[in-house]
Amino acid sequence: MSDVLVRVTIDGREISVPKGILIVDAAKKLGIDIPVFCYHPKMKPVGMCRMCLVEVGRPQRDRATGQVVRNENGQPVMQFAGKLETACTTPVEDGWEIRVDSPLAREGRQQVVEFLLTSHPLDCPVCDKGGECPLQNQTMSQGAGTSRFHFDDKQHLAKKVPLGELIFLDRERCIQCARCVRFQEEIAGDPVIGFFDRGRKLEIVTFSEPGFDSVFSGNTTDICPVGALTTADFRFGARPWEMNNAPSICPHCPVGCNLTLNTRREAKSNGREVVKRVLPRQNEAVNELWICDKGRFGHHYASGPERLTRPMVRRDGVLVESSWDEALSRASDGLQAAHASLVGIAGGRASNEDLFNFRRLVEGLGGTPFLQSSMSGGEWVQKVGLGSSANLGHLGKGDAILVAASDLHQEAPLWWLRLKHAAERGATLTVLNARPTRLDAYATHVLRCAYGDTEAAMLGLVNAVRARPELAKYPADAGVRASAAAVTSADRLVILFGQDGLDFGGTEAMARAGVSLLTATGHAGKPDCGLVAVWPQGNVQGAWDVGVWPDPDRAREALSMAKSILIMAADPLGDDPALAETLPAGSFLVVQELSMTETAQRADVVFPAQSFVEREGSFTSGERRVQRFYPAIRPLGDTLPDFEILARIGRRSGVVLADTASEALQAMAADLPDYAGISYQTLAQVEPQWPLAGGDDLYLGGTAYKNLQGLGIPLPSAAERGEPIAVNLMEPETARGRGTGVLLVPVTRLYDRGVTLRHSKLLAQRLAEREIILNPEEAHRHSLSAGEPAQVHLDGRAHSVTVRTDAAIPAGVALVPRSVGVPIEEPTRAELCRMPEPVTP
Ligand code: SF4
Ligand code: SF4
Ligand code: FES
């Protein structure tokens with residue numbers, strides 16, 4: 001947008017706006033709503049629906065001199081065109097006069113409404129969009145109230161055409177605005193739906209198999225200005241006015257998208273409150289107006305039938321329901337007895353308040369807390385993270401982005417989306433990975449390396465930026481040198497790293513190399529520059545910040561000698577069944593969980609924890625933005641939030657802990673310098689955002705909610721505070737990955753089979769398969785064929801999988817989705833073989 005301001009008059013009111021802004025947006029800044037259907041402030045205008053008709057007056061100019069003609073009062077003489085113009089496609093110029101509320105403009109819009117309704121059914125009483133429908137609202141505000149069209153001439157089509165199993169189309173209701181098609185093409189980069197046929201017969205169709213194959217598909221139902229697109233989750237589920245709204249934060253990945261949970265009590269749930277749907281809440285620094293389909297549809301675990309609702313204790317070898325009193329007293333006695341042999345393992349989906357109390361309790365009892373995570377680097381993100389102005393939306397021309405060892409589209413979809421847009425705005429994007437990913441299509445430089453060489457490739461880049469004798473052995477080809485030049489000269493530099501193809505030490509090496517790039521190029525601590533870890537869970541950075549850190553080797557060793565173990569929001573035995581054999585016989589195990597897991601089944605005491613929809617708390621996103629979530633429904637059964645379970649155990653064990661969420665956050669803020677000043681009040685602060693969306697503006701931004709409950713607070717980095725940053729680079733571990741067999745590489749799938757999605761009926765068809773994916777030639781070498789069963793031999797156990805082939809996968813490697821039951825967390829050599837023929841008797 002131009003820095004030059006122009007003055008325009010809209011319905012008699014003057015305003016200065018940036019030159020080039022569209023009439024519709026200029027009017028919005030004055031609080032004047034010009035009705036739109038096809039226009040969306042995040043997409044290019046197309047002028048398809050004609051709903052935004054206005055009169056435009058331009059200053060008359062003398063043909064000979066080019067000077068503005070003035071009347072006797074010295075005012076410019078305005079010249080109105082004979083026809084109405086579309087406010088969504090017309091950028092304003094200095095001195096223009098716009099008439100929105102004029103008889104001519106009103107009549108024009110009235111006729112557009114009448115025309116649109118000629119092919120629209122009278123579904124309002126039953127339509128899902130009723131109550132929040134731009135067409136309904138604008139028919140009331142702009143329409144004539146009568147029609148010259150015969151009802152019988154309307155087209156009548158069968159309802160509910162599936163565009164996939166998640167999104168349904170009602171063809172009669174479509175007003176052909178193309179918002180959905182344009183969203184998929186322009187915003188999501190998934191052009192999997194489009195228009196088919198012409199005129200009245202025109203309809204939306206899907207080109208993909210499976211149908212509407214996009215992880216952003218649900219957003220089209222938010223921005224469809226009518227009830228033509230609905231979700232399988234909500235269709236005929238409730239009316240908007242029956243539901244309550246609770247602000248929340250998506251717990252699934254490190255992006256931390258802002259959500260609104262719509263809830264309602266309902267008979268089919270025995271009068272219980274349930275979450276009926278999940279919608280985006282605007283946060284232009286985090287998720288703008290969008291969420292991915294995991295965040296939208298992956299909420300059912302939070303109140304599903306598999307939830308634990310009562311405490312359990314082991315009696316006579318069997319887990320049975322118990323009172324809180326008995327469970328707490330058993331847990332407290334067992335945990336206290338261990339002293340230094342107490343080990344705590346927490347998962348990165350727990351909230352900050354939970355993790356803070358967890359650390360205090362475990363350490364207070366003399367034990368050692370660990371985070372269960374196969375990825376390192378959080379300490380470096382604290383030092384050179386994005387800092388207090390973090391907003392990936394600021395990146396564009398002149399900036400550089402490096403994404404290393406990550407399949408961002410699957411691991412953090414909204415970051416993928418926002419970096420795609422940054423690249424489209426002109427940022428130089430480098431993707432460094434051992435296999436192709438969806439981000440490659442938007443990259444200026446794709447640096448491909450062999451699995452096992454990712455750290456070396458990153459060190460090659462570090463050396464190309466600033467030559468160091470000890471790094472001379474790491475090669476820099478033309479691509480690496482070009483990328484190094486872009487990184488060095490960039491105004492802003494953002495580096496994201498994941499764990500694709502890396503072990504725990506490898507991720508630490510990548511983090512350090514990232515720090516080195518930021519410091520060597522002078523970007524560390526600068527606004528919108530920094531290091532971002534693509535964590536496997538939503539609040540891993542929060543765990544690092546409160547001091548619950550991962551250390552897989554030490555944790556394994558500690559567990560093998562533990563007398564007592566406290567597990568919160570983690571399933572280590574489910575992730576690695578072999579671990580069960582290493583636990584000392586008779587060790588005492590306490591588990592806090594949402595539902596029964598492999599680990600909980602082995603426990604002596606199981607506490608039923610509350611999910612994020614039943615309680616309040618805060619998460620710290622991968623960009624280090626602390627964000628608050630609120631209770632949406634009443635807690636299930638006898639569940640308690642994790643921090644409170646810990647506080648109750650602490651009370652019986654002589655460790656005083658905060659037993660409300662706000663007190664826990666207060667204690668954190670007092671204890672952790674980075675969190676100083678953070679409270680639920682400061683996290684709830686908001687400021688105006690552009691575009692104006694949500695609230696009454698359904699017609700403009702769709703059903704995304706306006707953010708009235710908090711934009712969160714991005715934490716400053718140490719570099720931003722001016723603290724010196726020193727980093728030692730790590731040489732790649734040369735012995736890693738050596739040995740015989742194929743290199744099995746665990747990869748992250750968005751729709752995994754972890755605790756939160758494995759029971760999802762809605763996403764069942766999209767959940768990660770128990771499969772291996774390998775190059776067809778590699779498959780052939782092992783006498784394996786696509787679609788056939790095979791066996792993976794790991795640690796003396798055989799795991800059955802299905803073979804899938806993909807020519808893009810490098811030779812010598814087999815990818816295995818995490819969470820499908822093949823227990824590997826880091827690249828591991830294994831033997832592959834065909835499934836043995838069944839023995840016939
Ligand atoms: S389905 Fe909705 S968003 Fe898509 S073209 Fe039709 S009315 Fe527009
Ligand atoms: S991108 Fe991540 S945080 Fe956002 S909705 Fe999807 S899973 Fe949730
Ligand atoms: S033509 Fe302007 S909103 Fe559709």
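1. Ligand 1 has a shell of 12 nonpolar, 1 polar and 1 charged residues. In this classification Ala, Val, Leu, Ile, Met, Phe, Trp, Tyr, Cys and Pro are nonpolar, Asp, Glu, Lys and Arg are charged, and the others, Gly among them, are polar. Of the 14 residues that surround ligand 1, the closest are Cys 174, Cys 177, Ala 178, Cys 180 and Cys 224; a residue is near a molecule if one of its heavy atoms lies within 4 Å of it.

2. This is a predicted model, in which local features need pLDDT of at least 70 and side-chain atom pairs count only at pLDDT 80 or more, while totals for chains, interfaces and linings use all residues. Residues are numbered from 1 along each chain as its sequence is written, chains are lettered from A and ligands numbered from 1 in the order in which they are written, and side-chain values use heavy atoms, with hydrogens and water left out.

3. The structure holds 5 cavities of 30 Å³ or more. A cavity is a set of points, on a 1 Å grid over the protein atoms alone, where a 1.4 Å probe fits but cannot get out, and its lining residues have an atom within 4 Å of a point. Grid points are joined across faces, edges and corners, and a volume is the space filled by probe spheres set on the points.

4. The largest cavity has a volume of about 190 Å³. It is lined by 17 residues, and Thr 221, Asp 222, Thr 231, Phe 234 and Arg 277 are the closest to its centre. Helix H5 (219-223), strand S11 (229-231), strand S14 (272-280) and helix H6 (293-297) each give two or more residues to this lining; helices (H or I, at least four residues) and strands (E, at least two) are DSSP runs, numbered from the N terminus. By class, the lining has 5 nonpolar, 4 polar and 8 charged residues.

5. The second largest cavity has about 100 Å³ of space. Among its 13 lining residues, Cys 250, His 252, Cys 253, Cys 292 and Gly 295 are the closest to the centre. Ligand 2 sits in this cavity, meaning that more than half of its atoms lie within 2 Å of the grid points. The shell around ligand 2 has 8 nonpolar, 3 polar and no charged residues.

6. Strands S1 (residues 5-10) and S2 (residues 13-18) pair in the antiparallel sense over 6 bridges; pairing requires at least two DSSP bridges between two strands. In their hairpin, with 2 residues between the strands, Asp 11 takes a positive phi near 45°.

Notes. On a 1 Å grid over the protein atoms alone, a cavity is a set of points where a 1.4 Å probe fits but cannot get out, and a pocket is an open set with protein on both sides within 12 Å along at least five of seven lines; lining residues have an atom within 4 Å of a point.
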